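Here is a short briefing to read alongside the model. Have the structure open as you go through the points.

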Amino acid sequence: MQPSAPEPQPDPDPPMGLPVLPELAAHLAAAAGRTAPEPPGGALALRTAACGYFERRGLWSTPERVLAGPGAPALLLALLAAAGGDLVVPRPCAAWYAPQARLLGRAVHPAPVPVESGGVPDPFTLLEAVHRARDAGGDPRVLLLSVADDPTGTCPPPEQLHEVCEAATGEGLWIVSDETRRDLLHDPHDTVVLSPAEMLPGSVVVLADLRVTLVPASWPAGLARFPDTGPGEALCAAVLAALSGLSSPLSGPLAAAVGHALTEPATVRERTAAAALLHGRLAAGLHRTVTEAGAVCRPPHAGNHLYADLEPLRPAFAARGVTGPVALEQALAPWAARGGHRFGDDPKALRVRLSTEALLAPEADRRRRLLAAPDPLEVPSVAESLAELAAVLRSGGGSAAGG
């Protein structure tokens, strides 16, 4: 049998995030002469700074229960290796969740999200997925969810989150809470975000990739926080052993700069708040554009993405030869489109994640000006991009072809 052709890859993501803060760049430069890497899991100073980061978010922590690593994906890989068993994820979910399990040869069991928001499965579909997997000989042990979801840009209501976590612990699952985007709330006064670790502190591991909010996108750094219990201690030790085996610790200079960022001085806090506001306004503009064109889309509340269902526009797209998510990516490439199949969704559905990053200018100076603009939606380059998106949606994707 001939091997199948590889799936076409979309163009690289646009430049992620905002220009590097001079204060962080200075700390990195000051530590440039440090040749020793961080020990696996991070040195005590870095893990202590991480405790402060978590405590400011309502999660009391000790350095012995916190690990640092080169990004959340690396930490998740080590965590899944340590926990054993299969992984349960929401459908759709972030594109980096499932590959970590599959690298280890573990099965991934998707459970659809409810209508209200993404990030967590519906409690009943979670139970159905777990029981079906076990009936088929599977061994689900970890539920990975998100309180500020990529790809949908939504935050599950606390009561919905609690129901899911109760169902997961009732089935004996570890809960891994991806809290990477919790600081990018578009309106902090309108959206309540609680960590599952506040609800069920003995059953939840918290993951955070710092590249999305705290440090530049090119600085691979992430944190994992473990429960202060016997099982939590054992899991933390096993994850540390797995990280040691990977032999890819943080670099020394990077650890010094990340440690400073974790103290969250005023400049860092102000930048995070400004970024959240900017992404919120851009996401609102994208949401209005796609819904006015007839698409279905949950209103985004956090982060830099939203997830649009273009099934109502299928006739117009089909007339242009766009019948699946791969062609949809090509038709909407200027908006950093990623088809729903990349997030575990139905590979035939016309669903797509769009990114506010695509509305940011590539030049650092222009991004700074956009950050300071009273209304970024009135900046000519942004307004033109949204108008072009509206025209493409109305026309069914121009001349793109294929499925």
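## A histidine and its contacts

Leaving aside neighbours within four places in sequence, His 279 is in contact (heavy atoms within 4.5 Å) with His 186, Gly 303, Asn 304, Thr 356, Glu 357 and Leu 360. His 279 sits in helix H10, residues 266-292, and counts as buried at 3% relative accessibility. Buried here means under 20% relative accessible area, exposed means over 50%, and partly exposed is in between, with a 1.4 Å probe and protein chains only.

This is a predicted model, in which local features need pLDDT of at least 70 and side-chain atom pairs count only at pLDDT 80 or more, while totals for chains, interfaces and linings use all residues. Residues are numbered from 1 along each chain as its sequence is written, and side-chain values use heavy atoms, with hydrogens and water left out. Helices (H or I, at least four residues) and strands (E, at least two) are DSSP runs, numbered from the N terminus.

**How confident is the model?**

- The chain has a mean pLDDT of 92, and 94% of its residues reach 70 or more; pLDDT is the predictor's confidence in each residue, from 0 to 100.
- Over residues 399-403 pLDDT stays under 50, and the model has 19 contacts there beyond four places in sequence.
- Where pLDDT is low, the predicted coordinates should not be read in detail.

- All 5 of the 5 residues of strand S5 (residues 174-178) are buried, so the strand is largely enclosed by the rest of the structure.
- Trp 174, Val 176 and Asp 178 point one way from S5, while Ile 175 and Ser 177 point the other way.
- Strand S4 (residues 140-146) runs parallel to S5 and is joined to it by 5 bridges; two strands pair if DSSP finds at least two bridges between them.
- S5 also pairs in the parallel sense with strand S6 (residues 204-209), over 4 bridges.

**Helix H6, between S4 and S5**

- S4, helix H6 (residues 158-170) and S5 make a right-handed β-α-β unit; right-handed means that, with the strands pointing away from the viewer, the path from the first strand over the helix to the second runs clockwise.
- H6 has 13 residues and reaches 18 Å from its first C-alpha to its last, close to the 18 Å expected at 1.5 Å a residue; the expected span is 1.5 Å times one less than the number of residues.
- The buried residues of H6 are Gln 160, Leu 161, Val 164, Cys 165, Ala 167 and Ala 168.
- Seen down the axis of H6, these buried residues fall within an arc of 160°, so they line one face of the helix; the arc is that of the directions from the helix axis to the C-beta atoms.
- They pack against helix H5 (123-135), S4, S5 and helix H7 (196-199).
- On the other side of H6, Glu 159 and Gly 170 are exposed.

**Helix H3**

- Helix H3 (residues 72-83) is mostly covered, with 9 of its 12 residues buried.
- Among the buried residues of H3 are Leu 75, Leu 76, Leu 77, Leu 79 and Leu 80.
- Just after H3, Gly 84 has a positive phi of about 75°.

**The antiparallel sheet**

- An open sheet of 4 strands has the order S8-S9-S11-S10, with antiparallel pairing.
- Strand S8 (296-297) and strand S10 (338-339) stand at the edges, each with a single partner strand, so one side of each is left without a neighbour in the sheet.
- S8 pairs with strand S9 (residues 305-309) over 2 bridges, and Val 296 stands opposite Asp 309 in S9.

**Backbone spots to look at**

- A cis peptide bond, with omega of about 5°, joins Arg 91 and Pro 92; Pro 92 lies in the loop between strand S2 (86-91) and helix H4 (97-103).
- Ser 247 is not a glycine, yet has a positive phi of about 55°; Ser 247 counts as exposed at 59% relative accessibility.
- Ala 336, in the loop between H12 and S10, has a positive phi near 50° and is buried, with a relative accessible area of 6%.
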